[in-house]
Amino acid sequence: MIDIHGLTVRYGKKIALNNLDLRVGDGEHLILMGPNGSGKTTLLRALLGLVRYDGTISLNGKSTNGIARRELAREIAYVPQIFSTPYTFTVKEFVSMGLYSLSREWWIEDERIHKVLSDVGIDELKEKTINTLSGGELQKAIIARALVQDSNYILMDEPTAHLDIRSTQEVLEVVSNFKDKGTIIVSHDLNALNKLGGSVLLIKNGEIVFKGMKDDPDFKGRIMDTFETRIGEIGGFFYFPLS
Amino acid sequence: MRFSNYLFTVFLVLLTVFNILVSLSIGPVHIPIQAILKNIYLYAFNKGPDWTITTILFYIRLPRIVLAVIIGMILGVSGLVIQTIFKNPLGDPYLTGVSSGAAVGAAIGFLVSPFLVPVLAFVFAMTAVGISFLISRSDGEVNTEMLILAGVSVSFLFSAVASYIIYLKVANLRGVIFWLLGGLYGATWTDDFWLFLALMVIFPLMVYFRRELDIMLMGDEQAKSLGVNTARVKTVVLLISSLITSLAVSVVGIIGFIGLVSPHIGRKIVGESHRFLVFVAPLIGANILLVSDTIARSTPQGEIPVGIITSFIGAPVLIYLLYRRRKI
């Protein structure tokens, strides 16, 4: 269980997160939505101990402040926004980096890596170098790296951004199979909202404006208020209406 | 891929041994490699070696050759980790202000007493490094972007001071310039002993950290989220490499290009991963410096500063590598 209490993050004078309270249960799936600059990525960064914050974040009742990085990585894995890389690590070497929190050994031939690679559907890419992958392939490799960490929680920052239609489908398929992992996914993608179960967290200006299921009668109104736009819905599926 | 990497590492070790033998045979007195091997055999089994040859080899040539290998390894491994930590292909071991600091110390040393040159070079190199580090600390962590800029600024400042002292005060200009360009002419077994100890600090440490160094290539944020204590790795790696490089510079002067070019050559052959690179880069550095120093001490003009030779060899190699990369 992740317990966030009074979380405040400041960048200089700007307040990115304002006195936020949130609880994420074991195995709970949460889609985090909000306008650009609303504090979504900052919330993930705070959970990962990458920014200074006021307030408390505790993990199973224990504060994460001052916890060793390797210990934290065993609890929370991170799928950053897709990046481009000049480095020529093979997919296997890249994914094996996820094992670091478990052991400093190299373990490139470890069976966990092979299992995760086939779970994510990129087993045939294992000897390719990461600088030659397509966006969708790299995104899956990044997810695979987070999965071998074998953590209880996984945080994903816009896993379908910059992907084509098919890659988006494939990545969402992979993500929808995270059954027992607590998951927080930052996404602007209505497809993600439609495809993935779990509850939705809307934040705006560093504050939570909604937390609940997407079939909550309030939800559609709240999401339109939050983004200041119209969103259509047919039978629980959300879409951008043509004007 | 992995097997060929092992093979290449072994090849480099053999190449180093071969270059040591070649270098031993070259000098004012030419001693053929067979004669060297025979003399080693006679010496080892107490069968009356040629003492003239033994003296030349053991007291004159070998200390210098060993020093070239050790310094080459130190510069190669420091250059590698500096390039990794800064994620900058132009990184070299002098980046944090080592060389210009050492230059100030050496200039003052030449002014006061030549015996003080190594000590002052070391003290001022560490001073420059210390200032760069102080400027670039933020949030209890070394900010590498700041450190590059701080290192460059501090280097300019110390270079200006060194130039001022050398231009206005130092009588032995040739001596200073020779020192600034680097040379192994003063090598003794004592130097070898101390620098070997230094190598035995930095080399195992970087071998230990090679897993972290690999992951840190992916950037600080990812490295942290994967569990790497980046603040600790950076601080330890940068401080130790600056300290050991300063020590090397204080003994042999500022030998350029080896720290820059050795990791690049290594990467072309064994790839990015530090798993092999941490062995390959220093061995390449050792071979470049050994060959360069052998040339430097046997030119028709007599001894010339080895830094000239390393740049003559290193620059075209680097240009070739860049050219190859452009074509891909």
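Strands β4(A) and β5(A) form a hairpin, with two residues between them. In the turn, Asn60(A) has a positive phi of about 50°. The model is predicted, and chain A has a mean pLDDT of 89, with 100% of its residues at 70 or more.

**Around the hairpin**
- β4(A) and β5(A), the latter spanning residues 62–63, run antiparallel and are joined by two bridges.
- Leu59(A) stands opposite Lys62(A) in β5(A).
- Leu59(A) of β4(A) is also the bridge partner of Ile2(A).
- β4(A) (residues 54–59) pairs in the antiparallel sense with β1(A) (residues 2–11), over five bridges.

**The six-stranded sheet of chain A**
- This open sheet has the strand order β6-β7-β8-β3-β9-β10, and its pairing is mixed.
- Its edge strands, each pairing on one side only, are β6(A) and β10(A), the latter covering residues 207–213.
- From one strand to the next, the twist averages 15°.
- Within the sheet, β3(A) (residues 29–33) and β8(A) (residues 182–186) pair in the parallel sense over four bridges.
- Ile31(A) has Ile185(A) in β8(A) as its bridge partner.
- Helix α5(A) (residues 135–148) packs on the sheet, where it touches β6(A) and β7(A). The direction of α5(A) makes about 175° with that of β6(A).

**Confidence in chain A**
- Strand β6(A) (residues 76–79) has the highest confidence in the chain, at a mean of 95.
- The lowest is in strand β11(A) (residues 232–234), at a mean of 81.

**Contact between the chains**
- Chain A contributes 17 residues to the contact and chain B contributes 15.
- On the chain B side, the elements giving two or more residues are α9(B) (210–216) and α10(B) (220–225).
- α10(B) gives the most to that side, with four residues.
- The chain B side divides into four nonpolar, six polar and five charged residues.

**Pro93(B)**
- Pro93(B) lies in the loop between α3(B) (51–86) and α4(B) (98–112).
- Pro93(B) and Ile319(B) are 226 residues apart along the chain, and their C-alpha atoms are separated by 20 Å.

Notes. Residues are numbered from 1 along each chain as its sequence is written. Chains are lettered from A and ligands numbered from 1 in the order in which they are written. This is a predicted model: local features need pLDDT of at least 70, side-chain atom pairs count only at pLDDT 80 or more; totals for chains, interfaces and linings use all residues. Two residues are in contact if their C-beta atoms, placed from the backbone, lie within 7 Å. Ala, Val, Leu, Ile, Met, Phe, Trp, Tyr, Cys and Pro count as nonpolar, Asp, Glu, Lys and Arg as charged, and the others, Gly among them, as polar. pLDDT is the predictor's confidence in each residue, from 0 to 100. Two strands pair if DSSP finds at least two bridges between them. Axes are lines fitted to C-alpha atoms, for helices over the stretch in contact, and angles run from 0 to 180 degrees between N-to-C directions.
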